[in-house]
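User: I have a structure open here and would like to talk it through. Can you take my questions as they come?

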Amino acid sequence: MIKNKIRPSESKIMPLLSWDIYSLHYFKKLKSLKAERDIERIKVFAKKEKWKNEIDSIFNNNDFDALIITDSEQKILWVNDGFTTMTGYSKTFALNKTPRFLQGTNTLPISKERIRNKLNELKPFTAVITNYRKDKSPYECEVKIIPISGEKANYYLAIEKQIG
């Protein structure tokens with residue numbers, strides 16, 4: 001009985017705009033939750049190592065793709081999942097290496113020297129450097145490096161964003 005009352009010409013096909021809006025919101029929320037998780041992991045590390053820096057203020061207005069914690073010798077102690085996504089290298093591969101393994105032929109010597117000098121000053125700074133992914137493709141990376149004072153040692157937190 002109902003079948004006879006439904007007329008195809010009267011029904012309108014609705015576009016999937018609502019799905020488009022929802023998926024955009026969903027992926028933004030997912031990225032935000034991953035960033036929050038990464039910051040929480042850094043806070044755990046900070047508490048364990050008794051960092052003197054205020055972690056929340058470090059991440060105010062700092063969008064990032066990758067996070068790296070190194071010791072005073074610049075050996076990598078921790079990277080987030082964004083590091084793997086950006087570089088193609090696994091977390092386990094990166095551990096105990098210096099970030100120099102990401103550099104290559106187009107990494108300018110002056111950029112490397114500038115970063116080395118800034119690290120010695122023990123002050124926060126921002127630099128742009130050409131790094132290389134595991135597949136050998138280059139990418140430009142903006143790196144904000146923040147020296148962190150711990151109770152027993154000093155560390156560096158690198159907040160990285162791929163640009164271009």
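User: Let's begin with Asn-131. Buried or exposed?

Analyst: Asn-131 has a relative accessible area of 5%, and the cut-off for buried is under 20%, so Asn-131 is buried. Keep in mind that this is a predicted model.

User: Where does Asn-131 lie, and what is it in contact with?

Analyst: Asn-131 is part of strand 3. Leaving aside neighbours within four places in sequence, its contacts are Leu-102, Gln-103, Ser-137, Pro-138, Tyr-139 and Cys-141.

User: Tyr-139 and Leu-102 are on my list for Thr-87 too. What does Thr-87 touch?

Analyst: Not counting residues up to four places away in sequence, Thr-87 touches Leu-102, Arg-133, Lys-134 and Tyr-139. Thr-87 is found in helix 4, residues 81-87, and is buried at 1% relative accessibility.

User: Which backbone oxygen does the Thr-87 side chain reach?

Analyst: That of Phe-83, at 2.8 Å.

User: And Gly-104, where is that?

Analyst: Gly-104 sits in the loop between helix 5 (91-94) and helix 6. It is partly exposed, with 28% relative accessibility. Its C-alpha atom is 9.8 Å from that of Arg-133, although 29 residues separate the two along the chain.

User: Step back a bit. How many helices and strands are there?

Analyst: The protein has 6 helices and 5 strands. Along the sequence the pattern reads α-α-α-β-β-α-α-α-β-β-β. Of the 164 residues, 34% are buried.

User: Now strand 1. Why is it called largely enclosed?

Analyst: Because 6 of the 6 residues in strand 1, residues 66-71, are buried.

User: Which residues point which way?

Analyst: Ala-66, Ile-68 and Thr-70 point one way, while Leu-67, Ile-69 and Asp-71 point the other way. All of these are buried. In a regular strand, side chains alternate between the two faces of the sheet.

User: What does strand 1 pair with?

Analyst: One partner is strand 5 (residues 154-162), antiparallel and joined to strand 1 by 6 bridges. Strand 2 (residues 76-79) is another, also antiparallel, with 3 bridges. Ile-68 has a partner in each: Ala-158 in strand 5 and Val-79 in strand 2.

User: How many residues lie between strand 1 and strand 2?

Analyst: There are 4, and the two strands form a hairpin. In the turn, Gln-74 has a positive phi of about 70°.

User: On to the core. Which residues have the most contacts inside the largest one?

Analyst: Phe-83, Ile-115 and Ile-145, in a nonpolar core of 20 residues. At least two residues each come from strand 1, strand 2, helix 4, helix 6 (109-121), strand 3 (125-132), strand 4 (138-149) and strand 5. Strand 4 gives the most, with 4 residues.

User: Trp-51 makes me think of ring pairs. How many aromatic pairs are there?

Analyst: The structure holds 8 aromatic pairs. In one of them, the ring centres of Phe-45 and Trp-51 are 5.5 Å apart with the planes at 65°, so the pair is edge-to-face. Both residues are buried, Phe-45 at 17% and Trp-51 at 9% relative accessible area. Ring pairs also link Phe-45, Trp-51 and Tyr-155 into a cluster.

User: And what about Phe-93 and Phe-101, what angle do their planes make?

Analyst: Their planes are at 75° and their ring centres 5.5 Å apart, so this pair is edge-to-face. Phe-93 counts as partly exposed, at 36% relative accessibility.

User: Which residue lies over the face of Phe-93?

Analyst: Lys-97 does, at 4.1 Å from the ring centre.

Methods:
Residues numbered from 1 in each chain as written. Predicted model: local features only at pLDDT ≥ 70, side-chain atom pairs only at ≥ 80, totals over all residues. Heavy atoms only, no water. Buried < 20%, exposed > 50% of the residue type's maximum accessible area, 1.4 Å probe, protein only. Pairing = 2+ DSSP bridges. Polar contact = N/O pair within 3.5 Å; in protein donor to acceptor, adjacent residues only side chain to side chain. Contact = heavy atoms within 4.5 Å. Phe/Tyr/Trp six-rings, centres within 6.5 Å; stacked < 30°, edge-to-face > 60°. Lys NZ or Arg CZ within 6 Å of the ring centre and 35° of its normal. Core = buried A, V, L, I, M, F, W, Y, C linked by side-chain atoms within 4.5 Å.
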